[in-house]
Amino acid sequence: MTREPTDPTESQAGPLRRMCWIFPDRESSRATAMWQDFFWNLYAEVAESLGMTWTRHAPDAVTVDATVPGRPRVYVDDEPVTPQDTLFVTALYSLPYQSMDIFNQFALYAVLEQSGFYLPFPPQVSLIGNDKMATLLHLHDSPVPVIPSIRIGTGRDIGKHLYEVALGNLTYPAVVKPAGWCGGGGINLARNAEEIRGLASLAQGGDTTLVVQPYLGDGTIDYRVYVVDGKPYALMKRTPLPGSPVANASRGGLMEFPPVPAELAAATAYFAERFPIPFFCVDFLFDGERFWFSELEPDGVIAPDYDDPQRLLQRDITRARFVAYRDAHAKWLADGRAGLPVTGGTTGVAR
């Protein structure tokens with residue numbers, strides 16, 4: 001049930017002129033070239049069509065001058081930015097080569113929030129969305145059932161196998177995956193507790209926390225619902241290659257963009273209530289009989305439809321996302337919240 005393309009003139013434009021993505025600057029030259037073509041260049045083009053600029057920055061590009069109490073001045077590189085003209089996209093990224101940036105990312109998000117900037121998803125949303133167990137616990141009463149899961153920390157005592165106290169109800173084969181990575185990286189099948197031991201010992205080398213879940217079966221399909229302004233906007237369906245437990249495109253999954261299934265469209269209202277933010281993605285798995293809620297992606301990839309050389313659907317979803325950001329920022333300004341520090345706890349997650 002993909003909507004008609006968004007007309008930017010239908011939304012009230014505020015003075016927003018710039019969107020800054022905070023993203024660790026750790027990509028290899030090959031990965032940078034791939035992601036530029038995959039979505040970064042398109043993001044910049046769509047933003048320009050809406051009268052804004054889009055730029056990507058490492059956390060260290062942001063400087064904050066708070067020498068005047070209550071009047072912080074913020075710079076991106078050496079250019080001043082204000083809550084009135086700029087918003088920051090602050091997803092937490094924690095792939096292995098980004099691990100040294102995790103604290104700097106999260107600390108900067110809190111500083112920007114306290115400096116009065118509008119963040120499309122605040123720090124607490126990033127925390128809940130990044131850790132798969134935190135996501136499932138926060139959304140435990142989802143109308144689409146959550147996948148039963150076990151979280152394993154992997155430190156210096158992993159060889160003592162103390163975590164096995166929690167494996168009594170686990171069925172095999174089981175999926176073992178990092179709690180905070182993305183893109184299908186690090187996902188493996190374990191046929192017994194001994195194989196979990198081996199995977200946990202490897203994860204120990206990178207201090208990688210693991211999530212263990214029952215395997216839903218060969219051919220399990222992944223459905224990503226793009227949610228814009230609380231409504232199901234479009235769907236990406238990913239089917240794994242034969243013999244693969246993962247449907248992500250990075251692992252060879254086949255992508256298509258059918259209508260949103262009625263069950264998932266109906267469930268969107270629940271997720272939108274829990275996360276009242278302009279844009280996010282919800283991932284579901286279908287085992288051939290029923291849907292399971294898998295994870296939440298605040299900055300989920302808007303993948304291209306390679307059957308369309310114009311990439312119209314990818315552009316449409318991206319445009320709808322950016323218009324939603326612009327409208328939410330305009331409301332933020334109209335409510336008089338720009339420049340005000342957050343008080344009474346971190347905002348952005350419904351209780």
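Predicted model: local features only at pLDDT ≥ 70, side-chain atom pairs only at ≥ 80, totals over all residues.
Helices α1 (residues 29–49) and α7 (residues 312–334) come first. The crossing of the two is right-handed. On the α1 side, the contact is built from F38, F39, L42, Y43, E45, V46 and A47, and these meet Q314, R315, T318, R319, R321 and F322 of α7. Sorted by class, that contact comes out at seven nonpolar, two polar and four charged residues.

Next up is an open sheet of four strands, paired antiparallel in the order β7-β10-β8-β9. Strands β7 (150–152) and β9 (188–190) form its edges, each pairing on one side only. Ignoring direction, neighbouring strands here are turned by 30° against each other on average. Inside the sheet, β8 (residues 174–178) and β10 (residues 210–214) run antiparallel and share five bridges; V175 faces Q213 of β10 across this pairing. Helix α5 (residues 193–204) packs on the sheet and touches β7, β8, β9 and β10, with its direction at about 140° to that of β9.

A separate set of pairings involves strand β14 (residues 279–286). Seven of its eight residues are buried, so β14 is largely enclosed by the rest of the structure; the cut-off for buried is under 20% relative accessible area. Eight bridges tie β14 to β11 (residues 221–228) in the antiparallel sense, and V225 stands opposite V282 of β14. Strand β14 also pairs with β15 (residues 291–297), again antiparallel, through six bridges. In that pairing, F284 has F293 of β15 opposite. The hairpin of β14 and β15 leaves four residues between the strands, and G288 takes a positive phi near 105° there.

Finally, there is V111, which belongs to helix α2 (residues 102–114). Its relative accessibility is 36%, so V111 counts as partly exposed, a class that falls between the cut-offs of 20% and 50%. Along the chain, V111 and P341 are 230 residues apart, yet their C-alpha atoms are separated by 9.3 Å.

Note on methods:
Residues numbered from 1 in each chain as written. Heavy atoms only, no water. Left-handed = near helix turned anticlockwise from the far one by under 90°. Contact = heavy atoms within 4.5 Å. Nonpolar A, V, L, I, M, F, W, Y, C, P; charged D, E, K, R; others polar. Pairing = 2+ DSSP bridges. Axes fitted to C-alpha atoms, helices over the stretch in contact; angles between N-to-C directions. Buried < 20%, exposed > 50% of the residue type's maximum accessible area, 1.4 Å probe, protein only.
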